[in-house]
Every structure is written in structure tokens, then in C-alpha cells.
Amino acid sequence: MSEPHVDDRDTPCGAVEVNAALMLGRLDGALEHAAAAPLRLFAARILRDTLMAALRQDGHAFNEVRFHAWFAGLATLSDAPPRTGHPPRVLCEAILTEVAHSSWDALAGTAIAMATAFLAPQDLNSQGAHAHVLDVINDARLVVADDERERREPLFISLAKLHGHIRRSVRFAPQQRGFRRDIPYAKQSPIDQNAPPLWAIELHYGECLRALGWLRPALPLLGLLRVDALSEDEPELARIKRADALRETVHSMHQKFVEAVRLSAFERGRLSDRRRSSRAPAVFELLAGFGPMRSAQIEVLLKATRLGVRGMVAMLESENLVERRTIAGSHLYSVSTTGHKAVPKAGETIGVAFSTDALNDFDASIAHLDTLLGWSEDE
């Protein structure tokens with residue numbers, strides 16, 4: 001296998017890697033200078049999206065509304081059982097437990113809190129599934145630990161070696177279509193060659209980046225690994241795909257952070273006149289961060305009474321900040337799709353840690369990369 005080099009920045013491969021590194025540094029710097037409230041919102045959104053991405057990788061089909069209704073105990077995750085994958089509640093319980101041990105306090109605390117508000121119905125035929133999910137997570141931890149040992153290697157050499165570890169892994173390498181009989185909760189489980197449990201490695205790789213000094217908070221990086229980047233047939237193309245997957249994953253996280261900053265600023269502006277004892281801003285933060293919830297979940301998270309939550313929600317609804325959807329006879333509350341769309345004033349910034357010139361330079365470098373790769377907006 002050919003390894004990435006550090007002296008080819010003007011090549012298409014090098015250009016992709018440079019832009020991925022720029023995006024990684026942009027996210028790292030923004031998080032370093034962020035206030036506590038935006039970080040809480042960001043951590044909640046990252047946790048929610050991590051759960052959804054892992055479930056989808058595992059073969060479950062659903063939309064965002066269905067996920068929140070399921071998480072709130074109001075519906076099943078999907079109308080049809082997946083052909084592959086683990087029972088959804090078992091999978092999310094394992095991920096919440098794992099993330100609760102994150103070295104980033106904001107993310108760990110959010111996982112601990114949301115585990116108490118996890119009301120999804122119990123899975124059927126889940127005997128032995130929990131042990132199997134834990135085995136997958138433990139194996140992923142070992143794969144990432146192998147990549148972390150050599151701490152002085154450049155980022156993309158390390159990333160290439162991670163893919164090498166995956167290719168040699170019995171658990172995580174893409175498998176041929178067939179049946180596996182080693183899963184304890186099903187005698188025969190069809191395995192798709194394009195669906196190894198890469199979510200487990202992506203869950204841990206942020207800890208590796210933190211340990212190597214590339215990212216201060218350890219973030220789950222779901223979307224980092226692509227099956228088509230594991231092939232050794234076209235090493236240069238695989239190298240581009242590895243770097244581009246990193247860039248896209250980190251760019252998506254940066255967008256979530258920018259949205260968290262905007263929502264936090266909006267919350268302060270609209271709810272700052274409330275008396276200090278009011279807990280309505282806390283409800284808004286929960287819904288803006290993790291997403292739609294029912295009253296029973298808010299009660300647990302805020303340690304509030306049903307009557308108290310009803311009053312908080314009523315106040316937010318009167319301000320057009322929260323809307324409700326009725327599912328299975330219960331209300332699922334969410335941030336209003338129109339009430340919080342405040343348009344920034346001319347020249348107003350939202351608190352990112354980079355100047356306009358720096359961001360323009362970054363956008364120009366991305367455009368140059370697209371030209372090198374022959375991409376266009378019409379594709």
C-alpha cells in the first residue's frame with residue numbers, strides 16, 4: 001500500500017488533505033473559544049446525530065420525526081424490521097453508555113442526562129444482543145488504539161493506517177454477502193458486504209485525534225469511514241476519499257456548531273427579560289439541542305413537575321418559539337421552524353473564532369479544490 005506523503009500539497013491528493021486539515025483546525029479553534037451555552041447545544045446535537053447515524057449504518061430506516069417519537073416512547077423506530085443490524089434500543093443504550101465516558105465533559109454529561117430520558121420501547125428478540133454490541137464496541141476500541149500508538153505520525157498517514165487496520169480486521173472489513181451464525185441472538189443473520197459496523201470505530205476515533213493533539217474535544221466522527229476508501233486497488237483515489245470524508249464530516253460538525261451559536265444568541269435575546277427563576281430557557285435549550293421531546297422527558301431532565309413543564313412550554317408557545325405535534329395521544333414539543341429564524345443584522349457576526357478574510361480564504365481554497373477534482377455544483 002502506498003502511504004500519503006507530506007511534500008505533495010500541490011497535487012489533487014495533497015489539496016484535499018490540506019483542505020481537510022484546514023476544516024479540522026477551523027472547528028478546533030471555534031470550539032476552543034466558544035461559551036458554555038453553545039457548547040451544550042452543540043454536544044446535544046452531536047449526540048443525537050451520532051445515534052441516528054449509527055442506527056442507519058446498522059440497517060434501520062426512519063426519518064428524524066420518527067426517531068424522536070421512538071426515543072420518546074411513542075412509536076416504533078420503523079414499521080418494518082431491518083434485514084440486518086442490532087435491536088435499536090440495545091444499540092442506542094450501548095452508545096449512550098460509551099459516550100458517557102467521553103473525555104469531553106459536555107458530551108459525557110449530555111449522554112448521561114439523555115440516558116435518563118430514553119423512553120424507547122423495549123426491543124423484541126434481543127437476547128444476547130447487548131453482549132454482541134459491547135463486543136463490537138470493544139473491538140473498535142482496540143482498532144483505534146492500534147492507530148494511536150505512534151503519536152508522532154502526520155494526520156493522514158495515521159488515517160491511512162487506520163484504514164489498513166480495518167481491512168485486516170475480521171469484524172470490520174467489508175464481508176461477502178452471506179450468512180453469519182456467530183451472532184447469539186439470531187441463528188442466521190444476513191450480512192451485506194457494504195455494511196460493516198464502522199460506526200463503532202467512528203465513535204472512538206475522536207479520542208485518538210484528541211490524544212494526538214489534532215482536536216481538543218473528543219468528538220464522535222460518524223461519516224469518517226467509507227467502505228469504498230478501504231480498497232487497495234486505487235490507492236490515490238482511496239487517499240482522496242479518506243481526506244474528503246474527513247473534510248465533509250468536520251464541515252458538517254462546524255455547521256452544527258454555527259447553528260448552536262446562533263440559537264444560543266437568539267435564546268439570550270428573546271428570553272433575557274424573563275425572571276431569573278424562569279426555567280423556560282432551559283426547555284428551549286433542550287429542544288434546540290437534542291430535538292423534539294415529550295413532557296415526561298423534560299420533567300426528568302429538568303427535575304420538574306408536570307404542571308411546571310406545562311407552564312414553561314406554554315410561555316414558549318406564546319412567544320412562537322415552540323410548536324407541538326400529537327403522536328399516539330401525547331404531545332411532542334419542538335423548536336418552532338419559524339419562530340427562531342432571526343436574521344442577523346448587517347455586519348453582525350455570530351461569534352466564530354475566525355475573521356471574514358480567513359473564512360473567505362478558506363472558501364476560495366475549497367473552490368480551488370473543486371476545480372482540481374473536476375467537480376461542479378450541477379453534479
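Predicted model: local features only at pLDDT ≥ 70, side-chain atom pairs only at ≥ 80, totals over all residues.

Visitor: Which strands pair with E5, and in which sense?

Guide: Helices (H or I, at least four residues) and strands (E, at least two) are DSSP runs, numbered from the N terminus. Two strands pair if DSSP finds at least two bridges between them. Here, strand E4 (residues 322–327) pairs with E5 over six bridges in the antiparallel sense. Strand E3 (residues 293–294) is joined to E5 by two bridges, and these strands also run antiparallel.

Visitor: Which residue of E5 is the bridge partner of Arg325?

Guide: The partner of Arg325 is Leu332. Leu332 is also the bridge partner of Arg294. Elsewhere in E5, Ser334 stands opposite Glu323.

Visitor: What do E4 and E5 form together?

Guide: They form a hairpin with two residues between them, and Ala328 in the turn has a positive phi of about 50°.

Visitor: Is strand E5 largely enclosed or open?

Guide: A residue is buried under 20% relative accessible area, exposed over 50%, and partly exposed in between (1.4 Å probe, protein chains only). Five of the six residues of E5 (residues 330–335) are buried, so the strand is largely enclosed by the rest of the structure.

Visitor: How is the crossing of helices H4 and H8 described?

Guide: Axes are lines fitted to C-alpha atoms, for helices over the stretch in contact, and angles run from 0 to 180 degrees between N-to-C directions. Angles under 35 degrees count as roughly parallel, over 145 as roughly antiparallel, 65 to 115 as roughly perpendicular and the rest as oblique. The axes of H4 (residues 88–99) and H8 (residues 198–211) come within 11 Å and cross at roughly 15°. H4 is therefore roughly parallel to H8.

Visitor: Which residues meet where H4 contacts H8?

Guide: Contact means heavy atoms within 4.5 Å. Leu91, Ile95, Glu98 and Val99 in H4 meet Trp199, Leu203 and His204 in H8.

Visitor: How do H9 and H10 cross?

Guide: The axes of H9 (residues 235–271) and H10 (residues 280–289) come within 11 Å, crossing at roughly 155°. H9 is therefore roughly antiparallel to H10. On the H9 side, the contact includes Leu263 and Phe266, while H10 contributes residues including Pro281 and Phe284.

Methods: Residues numbered from 1 in each chain as written. Heavy atoms only, no water.
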